[in-house]
Amino acid sequence: ANFLWQDGSLDSTYLISNEGLYIVTVSNQCGSDSDSLIVDEIMIPSVDLGQDITLCSAQFPYQLDVSGSPEATDYIWQDGSTNPVYDAVSPGQYIVTVSNSCFSSADTLDLQLTNGIPQVILPPDFT
């Protein structure tokens, strides 16, 4: 059989290095047939919950949102929930894993609680 690829190469095998449309025509003394293949690149999803945070109790629930994670199609939090938005209702460690059909990435955020109510101390009154 004779092989003819979209770029004019004639080998029976073809190394794919980029996304795109690939077409091969195979022929022999009885005729020819063609087929094509579309290759899409799937990127590794990224996720960033940011730096660890210390909050006061009035700031809970604290919303964690990874819906903008590029290339992510699935989300799973430390408790098994699967929404891209998660309401952290108490201090602790929060972990999210984002994934697509090929790859996954994870990030961790520690939320700490402070009881520190700001205090203002002025000097004594004076004239």
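The following dialogue goes through some labels used for this predicted model and the values behind them.

Trainee: How do you know which residues and atoms count here?

Mentor: This is a predicted model, so local features need pLDDT of at least 70 and side-chain atom pairs count only at pLDDT 80 or more, while totals for chains, interfaces and linings use all residues. Residues are numbered from 1 along each chain as its sequence is written, and side-chain values use heavy atoms, with hydrogens and water left out.

Trainee: What makes the pair of W77 and Y86 stacked?

Mentor: Rings of Phe, Tyr and Trp (its six-membered ring) pair if their centres lie within 6.5 Å; planes under 30 degrees apart count as stacked, over 60 as edge-to-face and the rest as tilted. By this rule there are four aromatic pairs. In the pair of W77 and Y86 the ring centres are 4.9 Å apart and the planes are at 25°, so the pair is stacked. Elsewhere, W5, Y14 and Y22 form one aromatic cluster.

Trainee: Where is Y62, and how far is its C-alpha atom from that of Y86?

Mentor: Y62 is in strand 5. Strands are DSSP runs of E with at least two residues, numbered from the N terminus. The C-alpha atoms of Y62 and Y86 are separated by 8.3 Å, although the two residues are 24 apart along the chain. Y62 has a relative accessible area of 26%, so Y62 is partly exposed.

Trainee: Which residues make up the patch of negative charge?

Mentor: E19, D40, E41 and E71 gather in that patch on the surface. Patches are made of residues with over 30% relative accessible area and no salt bridge, with like charges joined within 9 Å and nonpolar side chains (Val, Leu, Ile, Met, Phe, Trp, Tyr) within 5 Å. A salt bridge is a side-chain nitrogen of Lys or Arg within 4 Å of a carboxyl oxygen of Asp or Glu. Asp and Glu count as negative.

Trainee: Why is E41 called exposed?

Mentor: E41 has 53% relative accessibility, so E41 counts as exposed. E41 lies in the loop between strand 3 (31-39) and strand 4 (53-56).

Trainee: What is E71 called, exposed or partly exposed?

Mentor: E71 has a relative accessible area of 43%, so E71 is partly exposed. E71 is in the loop between strand 5 and strand 6 (74-77), and has a positive phi of about 70° although it is not a glycine.

Trainee: Which residues form the nonpolar patch?

Mentor: L21, I23 and I38 form this patch on the surface, with about 280 Å² of accessible area together. I23 is in strand 2 (residues 20-28). At 32% relative accessibility, I23 counts as partly exposed.

Trainee: What makes the peptide bond from F60 to P61 cis?

Mentor: The omega of that bond is near 0°. P61 is in the loop between strand 4 and strand 5 (62-65).

Trainee: Where is A1, and what is its relative accessible area?

Mentor: A1 lies in the segment before strand 1 (2-5). A1 has a relative accessible area of 70%, so A1 is exposed.

Technical notes:
Accessible areas come from the Shrake-Rupley method with a 1.4 Å probe; for residues, only the protein chains shown count as cover. The place of a charge is taken as NZ of Lys, CZ of Arg, CG of Asp or CD of Glu. Helices (H or I, at least four residues) and strands (E, at least two) are DSSP runs, numbered from the N terminus. Buried means under 20% relative accessible area, exposed over 50%, partly exposed in between (1.4 Å probe, protein chains only).
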